Amino acid sequence: TQELEQTRLEQLRFNVGDPVECNCGGMRRPTWKKGVVVQKRYRDEYMPPGLVAAYQVRLDDSGDLIYAPEDFDEIIRKPL
């Protein structure tokens, strides 16, 4: 429902335009890259059915668009 989607959006820590760092290296060897949130609750046709990522992020160094699947500090955080 629309109310549920609004609740999910409000629970996310970052907003569009916020600077963030994303872990692009995994949990064992984190590699943090700086970027900017460009969309909340991101989904595209290449994702598995039912998956909605917490954020889409544009990386500062390459301009690549990536997504943060969940809103956890181990995946996406405020820049240090």
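## Salt bridges and the sheet

Asp73 is partly exposed, with a relative accessible area of 46%, where buried means under 20% relative accessible area, exposed over 50% and partly exposed in between, using a 1.4 Å probe and protein chains only. The model is predicted, so that local features need pLDDT of at least 70 and side-chain atom pairs count only at pLDDT 80 or more, while totals for chains, interfaces and linings use all residues. Residues are numbered from 1 along each chain as its sequence is written, and side-chain values use heavy atoms, with hydrogens and water left out.

Asp73 forms a salt bridge with Arg13, and the closest N and O atoms of this pair are 2.6 Å apart; a salt bridge here is a side-chain nitrogen of Lys or Arg within 4 Å of a carboxyl oxygen of Asp or Glu. Because Asp73 lies in the loop between strand S4 (65-68) and strand S5 (76-77), and Arg13 in the loop between helix H1 (2-11) and strand S1 (19-23), the pair ties together parts that are 60 residues apart in sequence. Helices (H or I, at least four residues) and strands (E, at least two) are DSSP runs, numbered from the N terminus. Arg13 is partly exposed, at 38% relative accessibility, and Arg13, Asp71 and Asp73 are linked in a network of salt bridges. By this rule the count comes to five salt bridges, and the table lists three of them.

| Pair | Closest N and O atoms |
|---|---|
| Asp73 and Arg13 | 2.6 Å |
| Lys34 and Glu21 | 3.0 Å |
| Arg77 and Glu21 | 2.8 Å |

Glu21 forms a salt bridge with Lys34, a pair that links distant parts of the chain, with Lys34 in strand S2 (residues 32-42) and Glu21 in strand S1, 13 residues apart. Glu21 is buried, with a relative accessible area of 6%, whereas Lys34 is partly exposed at 42% relative accessibility. Glu21 also forms a salt bridge with Arg77, and this pair again links distant parts of the chain, Arg77 being in strand S5 and Glu21 in strand S1, 56 residues apart. Arg77 counts as buried, at 19% relative accessibility.

The sheet gives the setting for this last pair. Glu21 stands opposite Arg77 in S5, and S1 and S5 pair in the antiparallel sense over two bridges, where two strands pair if DSSP finds at least two bridges between them. The open sheet of five strands has the order S4-S3-S2-S1-S5, with antiparallel pairing. S4 and S5 stand at the edges, each with a single partner strand, so one side of each is left without a neighbour in the sheet.
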